[in-house]
Amino acid sequence: MKRSLFGRLWPNVTAAVLFVAFVFPVYWMFATAFKPAGDIIADDPVWFPTDITFEHFKTATGVDHFWTYVGNSLIVTVLAVVFALVIALAGSFALARMRFRGRRGFIVGFMLAQMAPWEVMVIAIYMIVRDSSMLNSLVPLTVFYMMMILPFTILTLRGFVAAVPRELEEAAMVDGCTRGQAFRRVILPLLAPGLMSTSLFGFITAWNEFPLVLVLNKEAGAQTLPLWLSSFQTAFGDDWGATMAASSLFAVPILILFVFLQRRAVSGLTAGAVKG
């Protein structure tokens, strides 16, 4: 009886501990954003803010070029995700449906590209962009962000394309559809979970990327929100209230996107990991 009770109890206790460990930093970030400055630096931590203030949010959004940062981040992130999805749809279909020499090498290459740390290539990327006279431009950021998320997108969508029975595509072609029409009308609707999961991953990756924009875009008008987060420093130290408010605002779009896409995204990640 005790062994059976322990067997049922320890998974729940472990899950509860992990939940607290992951959620508490997020809670502390949002709670600190609403605390007065005195409560933030108090010797005894204030676990639940009582005197709520919005001054830190005013400070965060009052930074010069704030809305420029927001617009740049949205433009670069959305374009990178859209371009990556378009290219990945064609690439995943080719890898899943067609047999050609070097196919396995392509797949291994995508896996290696996914594992490679992009930070080691920052200097080479900077030299390419500099020699192309495209520093302080959003175009290189969009291109390189797309390249960062493209391997994962292709590998994940390949699993979904491979899971769609060939008979559905062949039946559509027998009914008069071309291969492109069969893909658009039959296969593409079935790829919705994969598109959701990969777009969420790509959005998070591009939205959070910091080293590239730090190196390539020195002008304020060409920078994105991750650099905005690093701007809350004064001659007397860090403004933790404004930093936490800025971090909260920075995290809100991802949280909203995840709430709307969580069901399809989770099923897409698990399905794409085991199929293909």
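Predicted model: local features only at pLDDT ≥ 70, side-chain atom pairs only at ≥ 80, totals over all residues.
Local features need pLDDT of at least 70, side-chain atom pairs count only at pLDDT 80 or more, and totals for chains, interfaces and linings use all residues. Residues are numbered from 1 along each chain as its sequence is written, and side-chain values use heavy atoms, with hydrogens and water left out.

**Exercise 1.** Work out how helix 4 and helix 10 are oriented to each other.

*Solution.* Start with the axes, lines fitted to C-alpha atoms over the stretch in contact, with angles from 0 to 180 degrees between N-to-C directions. Those of helix 4 (residues 66-97) and helix 10 (residues 192-208) come within 9 Å and cross at roughly 140 degrees. That makes the two oblique (under 35 degrees is roughly parallel, over 145 roughly antiparallel, 65 to 115 roughly perpendicular, the rest oblique). Next, who touches whom (heavy atoms within 4.5 Å)? Helix 4 brings Ser73, Leu74, Thr77, Val81, Leu85 and Leu89, while helix 10 brings Leu195, Thr198, Ser199, Gly202, Phe203, Ala206 and Trp207.

**Exercise 2.** Classify the ring pairs Phe66 with Trp67 and Phe203 with Trp207.

*Solution.* Grab the rule: rings of Phe, Tyr and Trp (its six-membered ring) pair with centres within 6.5 Å; planes under 30 degrees apart are stacked, over 60 edge-to-face, the rest tilted. Phe66 and Trp67 sit 4.8 Å centre to centre with 70 degrees between planes, so call that edge-to-face. For Phe203 and Trp207, the centres are 5.4 Å apart and the planes at 15 degrees, so this pair is stacked. Both of these residues lie in helix 10, 4 residues apart, about one turn.

Key. Contact = heavy atoms within 4.5 Å.
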